[in-house]
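Hi,

Here is the structure I promised to pass on to you. Have a look at it first, and then read my notes below.

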Amino acid sequence: MDLCPSVKNILLLDSEGKRIAAKYFSDDWPTNTAKEAFEKTVFTKTQKTNARTEVEIAMFENNVVVYKFVQDLHFYVTGGEDENEVILSTVLQGFFDAIDILLRGNVEKKEALENLDLILLCIDEIVDGGIILETDATTIAGKVASHSIDSGAPLSEQTLSQAIATAREHLTRSLLK
Amino acid sequence: MAQPLVKKDDDRDEEVDYSPFMGIEKGAVLQEARVFNDPQLDARKCSQVITKLLYLLNQGETFTKFEATDVFFAVTKLFQSKDIGLRRMVYLMIKEISPSADEVIIVTSSLMKDMNSRTDMYRANAIRVLCRIIDGTLLTQIERYLKQAIVDKNPVVASAALVSGIHLLQTTPEIVKRWSNEVQEAVQSRAALVQFHALALLHQIRQNDRLAISKLVTSLTKGTVRSPLAQCLLIRYTSQVIRESGVNSQTVDRPFYDYLEGCLRHKAEMVIFEAAKAITELSNVTTRELTPAITVLQLFLSSSKPVLRFAAVRTLNKVAMTHPMPVTSCNIDMESLISDQNRSIATLAITTLLKTGNESSVDRLMKQITNFMSDIADEFKIVVVEAIRSLCLKFPLKYRSLMNFLSNILREEGGFDYKKAIVDSIVILIRDIPDAKESGLLHLCEFIEDCEFTYLSTQILHFLGNEGPKTSDPSKYIRYIYNRVILENATVRASAVSTLAKFGAMVDTLKPRVFILLRRCLFDNDDEVRDRATLYLNTLGDGSVTETHKDVKDFLFGSFDIPLTNLEITLKNYLQNPAEKPFDITSVPREVKSQPLAEKKATGKKPTGLGAPPPPPTSAADAYERILTAIPEFASFGKLFKSSAPVELTEAETEYAVNVVKHIFDSHVVFQYNCTNTIAEQLLENVTVVVDASEAEEFSEVGTKPIKSLPYDTPAQTFVAYEKPEGIPAIGKFSNTLRFTVKEVDTSTGEAEDDGVEDEYQLEDFEVVAADYILKVGVSNFKNAWESMDAESERVDEYGLGARESLTEAVNAVINLLGMQPCEGTEVVTSNSRSHTCLLSGVYIGNVKVLVRLSFGIDGSKDVAMKLAVRSDDVNVSDVIHEIVASG
């Protein structure tokens, strides 16, 4: 395992450092408390930096963390001390570009929470048990999004039932307002 | 599934930080999970519920065993639905719950069906889920499908199978190893990531077979590896092969270097960087090899991407530790990074500059750093302080500005670790740069006037007690110390009392004043302070200006040479068995137990500064002396004259590694055999070396000291002592056999079997030669030393050394033969010169100073002639030197 590039965790936090989605692939943080403590350190130490145009980088507790902020979302990818920084940043780039595609450009907290299933699937498609599965954003997004069409059911029927469901939701929503 | 998940009650407060999961609660969601059991499945609804469950897990919520089982069984029902979206969520959920072995059986058939589905997405994901949850027996059932999947034409499926293989290799290696043919085929895949995953798996399957790895690397470095990630892997494997081949680049061109260098021109940045890093990490890398790597790293320094700048500066920083010269070419780029937005990059740039800087640039650099220090965090400041410390040691003449810098930052705000780093640095500078001592001590005195950390205060007071009395005006420190007695807490007061007493003991003129101060301490309200004051007042004499007795000094302030762990054990034993007899400190064993390996690693970082034991173990000789005096049998041999460098008695990579150090005493010789057991499955006991001294007539064996137990990878020493005629440089040849009892060890439990087998192991021979009796001691001015010696003692003779390869070779041969210290750089022969003079100095056994002047000449047929002139304190020794050369 030692020579293969590996990712220790992928984090998506909001602008207050609260967890939106987090996936840990390493045993370095065995408990939820340890995980939260790590997230807190990373968040407070990076909060004031400007990671909006370019991917930024820092070291914490012998880990390299690359990060990027978009609106009220903070994306992080962590790797070991000796990991190739450029590989980690490629993973991060793939992560938020894929999210950008999946959220259709509305990369912000509310949208992210409403599509949490997509984000979790997205992380699942990028790294498997610490090993990088895919870094190309379009491919990742393609794999995640492909599921919205069921090959088992006829296409026309599927879209119709989907349309009805959507309409029903919008109706209840407006009624309750 | 791109539609929003809606919870009705959330809609009302949409404006206030809307979250679809607001007010979500585990119990309610578990209730909702009942929809999984509906006969008519609503895929959308089910997906939403799974998302909620995953959200809860993601937030750190845990399910009880019962809840998890419940959810798991409910989720398995969802395999009935044909909705792909829902199926993906089901996969995710199963992975998150990680069901127990008896539950897994429920889903295996469904997953195996998906594994053979027409839909690629099903196949890929089902493989990943299945491999995550199954055990060895089930794996053999699906092995056939996995092998197929590895060579599947869909890259996603192939990757899924390969990555699963990498994970399974950890638990069931014997099964995965059977797939190497398929994996090998996948390495040739056209899909970039499949190649990457296949390469990673193939390497892991073969990682214990060096030859196979070497072949793999050889073939792939010639071919084309498509994916940048796979290229990075290949670079790592290549450096591993280079490392293990151990080819020295000084003599031969390093294999594969051309490949690494070629990767510097790759189009992907990750590959360029990986290659540059690999080159900088080559062992004994030459400047020529480094240059191209440093050039690309230098380009990265001015990149617009912080990640590249960081990666480059971090690597260059590491290179600068070992090869500062090649890095200096990046200095201009480095300097512009001091103002980098990213403080990690700025700190790394500064510390690199401190490592590569020259004496003239120090002042300018310090100015830049002063501005920089105020706006970085403590952790970065510590790094800078450490870099400044090493810079100061490199340029001792610059101590003034560096010491000022340290004292300035010492006055500023900062946490404990930061302050400790500064104090440690000042202490080290005081210790290593004599000129810096007085100003450094005053800086420390000022610091403790206003120091909030008890630990630092006591450490500084202790240090002050050792160093202060040796300064030109010790009295000026007394005020600072006594202030502590008045103003501080009990711990600091107690150590201030000890420090005062040290001044009193060492500086006789101060004694009356110190006594007055100590008497005042008798009224302190803390026991320890009063006790210490009483002890010192009663032992240091009557308070008049008299010299303190040496025994008293030794008793109070002498070094404590009993290992603390041994003392602790003995004291515990004493307390457990109460006796009338008072505790006897001489009953504590002085033998230092060899530390277990793990512990040694932890302490591997050499303690520096205050934490380090004062006088730091400066030379191997000190360490040897300490080991030897700890052995009672050898204590009577007197003072250690010389310890040789270790002589290897075994080939590298044999079962047992043994080397010998020859310790020469006046009338004894002790051989210290350092033994290492390199077999994890063995424990050696009663290890001795049986020495045959039949070819060393003047020596007679007087004692041996075996190693009781020699576990795997923990070096230990056995000793054999010989008596020899006093003061005579007896020489001889010794042949050795290692004798021991070997016991099998179960590596999984670490326990050894009870029964052992006697065994022997042949070691190589070694000799005690004349050079072992001469200490390398240099003189600073050879001419003066030579002339100050009695000309009567001079013995001159000429020798023909026969045909030699070169003059250098002849000079080195004589130096090695005599084992003396070359002076004034005369061991270096200018190339092509026809003659050379070499000056040597040393101390012969019996503490006789010896100086040697060697004049060499070489003629056209490479015959070397030598004139040897010796002067020494003892004429006989001059003759002995000639005898050595004549017989050598």
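**What I found**

A:Arg104 sits in the loop between helix 2 and helix 3 (109–114) of chain A. (Helices, H or I of at least four residues, and strands, E of at least two, are DSSP runs numbered from the N terminus.) The phi of A:Arg104 is near 50 degrees, a positive value in a residue other than glycine. A:Gln71 also has a positive phi, of about 50 degrees, although it is not a glycine. You'll find A:Gln71 in the loop between strand 4 (63–70) and strand 5 of chain A. For background, most residues other than glycine have a negative phi, and most peptide bonds are trans.

Before you go on, some ground rules. This is a predicted model, in which local features need pLDDT of at least 70 and side-chain atom pairs count only at pLDDT 80 or more, while totals for chains, interfaces and linings use all residues. Residues are numbered from 1 along each chain as its sequence is written, chains are lettered from A and ligands numbered from 1 in the order in which they are written, and side-chain values use heavy atoms, with hydrogens and water left out.

How confident is the predictor? The model scores ipTM 0.84 and pTM 0.62. For single residues there is pLDDT, the predictor's confidence in each residue, from 0 to 100. Chain A has a mean pLDDT of 83, with 81% of its residues at 70 or more. Watch residues 148–158 of chain A, where pLDDT stays under 50 and the model has 13 contacts beyond four places in sequence (contact means heavy atoms within 4.5 Å).

Chain B averages a pLDDT of 82, and 92% of the residues score at least 70. Within chain B, helix 15 (residues 269–280) has the highest confidence, at 92, and helix 33 (residues 597–602) the lowest, at a mean of 39. Residues 594–618 of chain B are below 50 in pLDDT, and this stretch has 22 contacts in the model beyond near neighbours in sequence. Where pLDDT is low, the predicted coordinates should not be read in detail.

Next, the helix pairs in chain B. Axes are lines fitted to C-alpha atoms, for helices over the stretch in contact, and angles run from 0 to 180 degrees between N-to-C directions. Helix 8 (residues 155–171) and helix 11 (residues 192–205) of chain B pack at an angle of about 20 degrees, with their axes 9 Å apart. Those two helices of chain B are therefore roughly parallel to each other (angles under 35 degrees count as roughly parallel, over 145 as roughly antiparallel, 65 to 115 as roughly perpendicular and the rest as oblique). By class, the contact of helix 8 with helix 11 of chain B has twelve nonpolar, five polar and no charged residues. (Ala, Val, Leu, Ile, Met, Phe, Trp, Tyr, Cys and Pro count as nonpolar, Asp, Glu, Lys and Arg as charged, and the others, Gly among them, as polar.)

Helix 28 (residues 490–506) of chain B takes part in a pairing with helix 26 (residues 454–467) of chain B: their axes come within 8 Å and cross at roughly 5 degrees. That makes helix 26 of chain B roughly parallel to helix 28 of chain B. Their contact has five nonpolar, nine polar and one charged residues.

Helix 28 of chain B also pairs with helix 30 (residues 527–539) of chain B, the axes coming within 8 Å and crossing at roughly 10 degrees. The residues of this contact divide into seven nonpolar, two polar and three charged.

Last, the salt bridges (a side-chain nitrogen of Lys or Arg within 4 Å of a carboxyl oxygen of Asp or Glu). The structure holds 43 of them over all chains. B:Arg236 forms one with A:Glu83, the closest N and O atoms being 2.7 Å apart. This pair crosses between chains, from helix 13 (residues 228–245) of chain B to the loop between strand 5 (73–80) and helix 2 (85–102) of chain A.

Cheers
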